Amino acid sequence: MIDQKRKEKLLTNIRKLDSYHEIQNLMGRLTAALNFQRREEILSYFALEKDDVSLEYADEGVFEGRKAIEALLDDLVLHPNEKGYMLDMQLTTPMIEVADDAKTAKGLWWCPGISSVHANEETKALWCWGMTGADFLFDGKQWKVWHLHYFRLIRCDYKKGWVEDTSMINRLNTPLHPLSKPSTYHNPYSPLSIREGIPACPRPYASYEESDKNWMLSKDKSR
Amino acid sequence: MIDIRIEDLDLLSDEEFEETEALIEEELSVWQICNLRGQAAIFHDDQHIGEKRRELKAVDYPGFDLEAELRFRNTAVVDSLEGNMLIHPLTTPVIEIDPENKTGRATWWSLGIEGLSKYRERPMAIISAGMVPGVHVKQNGEWRILSGAWQRTTKNEYHAGWIDSMVPTNTRPQISMEEDRRRLGKYAYRKDEIRRAVPCPPGKDSFIKYPLREDMDWLLDDLDQNTVE
């Protein structure tokens, strides 16, 4: 006879597995929408009804709330209808944890990418690699992105490579976007930088606590 | 999310329940092994060998050579971490779990980038492609890496490309190209050779063909298939 506890555990595991699959698909769709510069679709994957929904982008700061995320996409990220522009990010190395209560999840992907941009009247081929960490919320019907952080690793001229060209790893010394809050972390590769295991791998957890908010930046590698 | 309630599980016979439970446990193992290897990739890039880290290897497994592992781990191969980077993203996973959910055999492919500065010189940008084969076991309820070393396809200076450049594994003392060829570069790309099909991804029948956990021949299943006499 199968006892109740065993049934509850199986049910939890089925829900977690289904969530794992749903979250992989959600991030795949979001990445495709970003690559194809589809503003409304990108926004539809975020939990915009939450006041603390956020998107942190390289060293441009944290954009919290619907209005700020829209501004980030419009003013800094998207290049719709621009001839020759191309962004092609990919998701690899998935590390995902779904809370035991299946209400939240944490995920991290390593993201190789290529891009083409216009600069000084020429179109340049770029490498753009990074890591994407995110918190997810289940809103009762579907999984949504709650907090997303894109950690830039390299952004460089394809011809020169990531050692020779570090001109694009940091933002220019110009005012930050008025809707951005200070960056929480930015440590792209350069000949002088030291890699330090951030963003961190998510670890199993029961339910999302306030202390979980900075899991991506954890320097404690022992747990 | 999937619409299933605990009452739905009451409809299963005990046998059906146990079959479902085993299937779900197997799928969870595949997921956990992916997470484990992701964590290993982070530690590999991080390179802070002196820091206390969560153990990822099956160090309690009978016969595990902990002494050799610690010797390897605690030997610095660069003078400074500045400018060094080892990004080996994991793609193309093939993972098979044994019927008892105690062993996981897997292979990944990887197209990566590196920065290498051995003696504080300006780093060399490197393209690093290869595979990650591995055997994983459960230790105290948690999946650990039992065996499996990076298998290089290319490790080339970025501008020179993989036809003309092969950078040996960075060791101290530096091993020769011949020695490197016997180790991680054993199956590495060479323009004057037919490529050998190693490692073979684990087949569905991997644990029937190779029931012993220590038997690593599954990785060589396709070894000679590309070699035409």
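Which residue is the bridge partner of B:V135 in strand 5 of chain B? The partner is B:S147. The model is predicted: local features need pLDDT of at least 70, side-chain atom pairs count only at pLDDT 80 or more, and totals for chains, interfaces and linings use all residues. Residues are numbered from 1 along each chain as its sequence is written, and chains are lettered from A and ligands numbered from 1 in the order in which they are written.

B:V135 belongs to the pairing of strand 4 of chain B with strand 5 (residues 142-147). Strands here are DSSP runs of E with at least two residues, and helices are runs of H or I with at least four, numbered from the N terminus. Two strands pair if DSSP finds at least two bridges between them. Strands 4 and 5 of chain B run antiparallel and are joined by 5 bridges. Their hairpin has 2 residues between the strands, and B:N140 takes a positive phi near 50° there.

With strand 3 of chain B (residues 103-116) it forms 14 bridges in the antiparallel sense. B:M124 in strand 4 stands opposite B:L116. Strand 6 of chain B (residues 151-157) also pairs antiparallel with strand 4, over 6 bridges. Here B:I127 faces B:N156. Strand 4 of chain B is mostly covered, with 13 of its 16 residues buried. A residue is buried if 20 or more other C-beta atoms, placed from the backbone, lie within 10 Å of its own.

The two chains touch. Chain A gives 38 residues to the contact and chain B gives 45. Residues are in contact if their C-beta atoms, placed from the backbone, lie within 7 Å. On the side of chain A, helix 1 (4-35), strand 4 (92-98), strand 7 (122-138) and helix 4 (161-164) each supply at least two residues. Helix 1 of chain A brings the largest share, 12 residues. By class, this side has 22 nonpolar, 7 polar and 9 charged residues.

Helix 1 of chain A packs on helix 2 of chain B (residues 14-46) at about 45°, with the axes 10 Å apart.

Conventions
Two residues are in contact if their C-beta atoms, placed from the backbone, lie within 7 Å. Ala, Val, Leu, Ile, Met, Phe, Trp, Tyr, Cys and Pro count as nonpolar, Asp, Glu, Lys and Arg as charged, and the others, Gly among them, as polar. A residue is buried if 20 or more other C-beta atoms lie within 10 Å of its own, exposed if 12 or fewer, and partly exposed in between; C-beta atoms are placed from the backbone. Axes are lines fitted to C-alpha atoms, for helices over the stretch in contact, and angles run from 0 to 180 degrees between N-to-C directions.
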